[in-house]
Amino acid sequence: MARLAIALFAATASGAFGYGLWQRHRRRFEARRTSETRAWAQELEVEISKLKGQIDASRRDSLTGLLTRDQWEADTTALLASGHARAVLWIDLDRFKEVNSTFGHLAGNAALAEIGKRLRSRDDGSLAGRFGGDEFVLVLPYPPPDAQLERLAMELGKPITVTTPLDQTPRTVILTASIGVAVWTSAVPPGVPLLLDLSDRAMREAKETGSCVTMVHEA
């Protein structure tokens, strides 16, 4: 009987030890799996962030942060279809080449970046894009009154202080802008190409008239 009791005790102890060992292995395995899952999730988040950055970079102008031409046209087309667009503005900076020739291209780029910042900071439902060089576009959800166009021209024309890696001396750049506007009253809005053509023509007329001038064409 004693031997039987000892054998039963040994078997029980062995089973308990085996069960405990199995539990430790299971906990280690689950901990390792959890750690690997977290690491995989973190890697996935990094990849998703990179992908979002690449997508956003393809939509935005790298210098000004404004929408690229293709993206602006696509977004404006959607706004027109939904009835949330009533005016298109074409903005061209006056004598911008003189800024580049006087202060250098780096200073010119800094000035363009500031213009982009000013256009991005608008909170009136407008959508801004850069078409290249010193040409910008803006779509508004309402026809702008003359006073608002004047305020926009004044805002863009505020002095800009620029420095560059090659010249740390602060330079003051003063810009003016010629603005062409295309508006419409029809229930069915014109297409983006026509609105761009009208606003571009209006801008060119404004530029011929003099700097810091706006002209309006109705579609």
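**Salt-bridge tour**

Start with Arg 69: with a relative accessible area of 37%, Arg 69 is partly exposed (buried is under 20% relative accessible area, exposed over 50%, partly exposed in between, using a 1.4 Å probe and protein chains only). This is a predicted model, where local features need pLDDT of at least 70, side-chain atom pairs count only at pLDDT 80 or more, and totals for chains, interfaces and linings use all residues. Residues are numbered from 1 along each chain as its sequence is written, and side-chain values use heavy atoms, with hydrogens and water left out.

Helices (H or I, at least four residues) and strands (E, at least two) are DSSP runs, numbered from the N terminus. Glu 73 is partly exposed at 23% relative accessibility.

Next, select Asp 61 and Arg 130. The salt bridge here has its closest N and O atoms 3.2 Å apart. Asp 61 lies in the loop between helix 1 (2-59) and helix 2 (69-82), and Arg 130 in strand 2 (residues 127-132), so the pair ties together parts 69 residues apart in sequence. Both Asp 61 and Arg 130 are buried.

Move to Arg 122 and Asp 124. Their side chains meet in a salt bridge at 2.5 Å, N to O. Arg 122 is partly exposed, at 23% relative accessible area.

Last, select Asp 92, Asp 94 and Lys 207. Salt bridges with shared partners join them into one network. How many salt bridges does a search of the whole structure find? Eleven.

Notes: Salt bridge = Lys/Arg side-chain N within 4 Å of Asp/Glu carboxyl O.
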